[in-house]
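These are my notebook entries on one structure, kept in the order in which I looked things up.

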Amino acid sequence: MINFNDYNWAFPGVKKQKINAKINAKALAFVIGTEVAETIAADEDFCNLLIKSDSFAESSIKDDLVNQIYYVDLIKDSSVLNTIACYEKLQAVLLSEPKIYDLLDPKYKYGKMAGPQWSFINDQFIIPGEYE
Amino acid sequence: MSKWEEYKKKIGDTRPWDLLDSKNYANEEIANSRYNICLSCPELINLTKQCKQCGCFMAAKTKLLEASCPLGKW
């Protein structure tokens with residue numbers, strides 16, 4: 001079982017601790033259709049685990065609705081690689097067959113700025129609307 | 001419907017910052033009747049008055065005219 005909060009860089013003070021511990025990070029975008037549904041910054045190992053999974057599936061562990069902890073199985077070669085405990089939005093995204101992109105890949109011109117509600121069109125992250 | 005579509009439908013179109021503009025507010029009668037429905041709903045976390053479905057603080061959400069209950073109760 002992996003607790004996403006242990007790998008998530010988006011908490012105050014965590015970034016400094018991680019850098020001091022020489023832990024590297026990756027920033028990922030989860031794209032559903034052409035919509036950037038969610039972005040995360042997390043430990044590189046954790047992100048690589050997501051990238052190398054074939055798919056994601058509902059876990060047999062029941063979601064903890066009171067404490068808002070949701071579970072997702074990482075599937076590789078038809079077997080469960082691991083289970084993530086995360087927040088509801090990330091669970092919803094992972095269970096919707098997202099495409100995963102590395103936001104720090106220099107081929108994405110605006111990757112470092114992209115966030116939820118941006119679009120991903122023609123292999124680039126863009127702000128929906130006038131910039132399309 | 002994908003989990004993502006379900007999630008988006010559940011959280012609705014209103015956002016917390018809509019509370020900053022009083023033009024988005026429902027009248028008091030509507031807000032109170034909505035909140036009373038929430039108070040008797042098993043999906044309400046009594047301690048924080050948050051909805052287990054959408055995670056919103058319902059005392060605030062019920063005040064927004066365009067907001068809706070994720071279970072369709074109001």
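**Entry 1: terms and ground rules.** I count a salt bridge where a side-chain nitrogen of Lys or Arg lies within 4 Å of a carboxyl oxygen of Asp or Glu. The model is a predicted one, in which local features need pLDDT of at least 70 and side-chain atom pairs count only at pLDDT 80 or more, whereas totals for chains, interfaces and linings use all residues. Residues are numbered from 1 along each chain as its sequence is written, chains are lettered from A and ligands numbered from 1 in the order in which they are written, and side-chain values use heavy atoms, with hydrogens and water left out.

**Entry 2: the contact between the chains.** I looked up the salt bridges across the interface of chain A and chain B and found 2 by the rule. In one of the salt bridges, the side chain of Glu35(A) meets that of Lys8(B), at 2.8 Å from N to O. Elements are DSSP runs numbered from the N terminus, helices (H or I) having at least four residues and strands (E) at least two. On the side of chain A that touches chain B, the elements giving two or more residues are strand S3 (35-43) and helix H3 (88-94) of chain A, and H3(A) contributes the largest share, 4 residues. I sorted that side by class, taking Ala, Val, Leu, Ile, Met, Phe, Trp, Tyr, Cys and Pro as nonpolar, Asp, Glu, Lys and Arg as charged, and the others, Gly among them, as polar; it has 8 nonpolar, 2 polar and 4 charged residues.

With contact meaning heavy atoms within 4.5 Å, 14 residues of chain A and 9 residues of chain B take part. The buried area, which is the accessible area (1.4 Å probe) that two parts lose on being put together, summed over both, comes to about 1,000 Å² for chain A and chain B, 59% of it on carbon and sulfur atoms.

Entry 3: Which residues of chain B does Ser96(A) touch? I found Ser2(B), Lys3(B) and Trp4(B), besides Ile32(A), when residues up to four places away in sequence are not counted. Ser96(A) sits in the loop between H3 and strand S7 (99-102) of chain A, and its side chain reaches the backbone nitrogen of Lys3(B) at 3.4 Å. Buried means under 20% relative accessible area, exposed over 50%, and partly exposed in between (1.4 Å probe, protein chains only). Ser96(A) counts as buried because its relative accessible area is 9%.

Lys89(A) is placed in helix H3 of chain A and counts as buried because its relative accessibility is 18%. The side chain of Lys89(A) reaches the backbone oxygen of Ala37(A) at 3.3 Å. Lys89(A) also forms a salt bridge with Glu38(A), with 3.4 Å between the closest N and O atoms; this pair links distant parts of the chain, Glu38(A) being in strand S3 and Lys89(A) in helix H3 of chain A, 51 residues apart. Among the residues that Lys89(A) touches, leaving out those up to four places away in sequence, are Trp4(B) and Tyr7(B).

**Entry 4: other salt bridges.** Over all chains, I found 6 salt bridges in the whole structure. Asp43(A) and Lys18(A) meet through their side chains at 3.0 Å, N to O, and they bring together strand S3 and helix H1 of chain A from positions 25 residues apart. Both Asp43(A) and Lys18(A) are buried. In chain B, the side chains of Asp21(B) and Lys23(B) form a salt bridge at 3.7 Å, N to O; here Asp21(B) is partly exposed, at 30% relative accessible area, and Lys23(B) is exposed, at 71%.

**Entry 5: the interior.** A nonpolar core is a set of buried Ala, Val, Leu, Ile, Met, Phe, Trp, Tyr and Cys residues joined through side-chain atoms within 4.5 Å. The largest one has 25 residues, and those with the most contacts inside it include Phe4(A), Ile40(A) and Phe46(A). I noted that helix H1 (3-11) of chain B is one of the elements that each supply at least two residues of this core. Another core, of 11 residues, lies apart from it and has Val31(A) and Trp118(A) among its members.

Phe4(A) lies in the loop between strand S1 (2-3) and helix H1 (14-20) of chain A and is buried, with a relative accessible area of 1%. The C-alpha atoms of Phe4(A) and Phe46(A) are 8.3 Å apart, although 42 residues separate the two along the chain.

Definitions and conventions:
A polar contact is a pair of N or O atoms within 3.5 Å; within protein, one must be able to donate a hydrogen and the other to accept it, and residues adjacent in sequence count only if both atoms are side-chain atoms.
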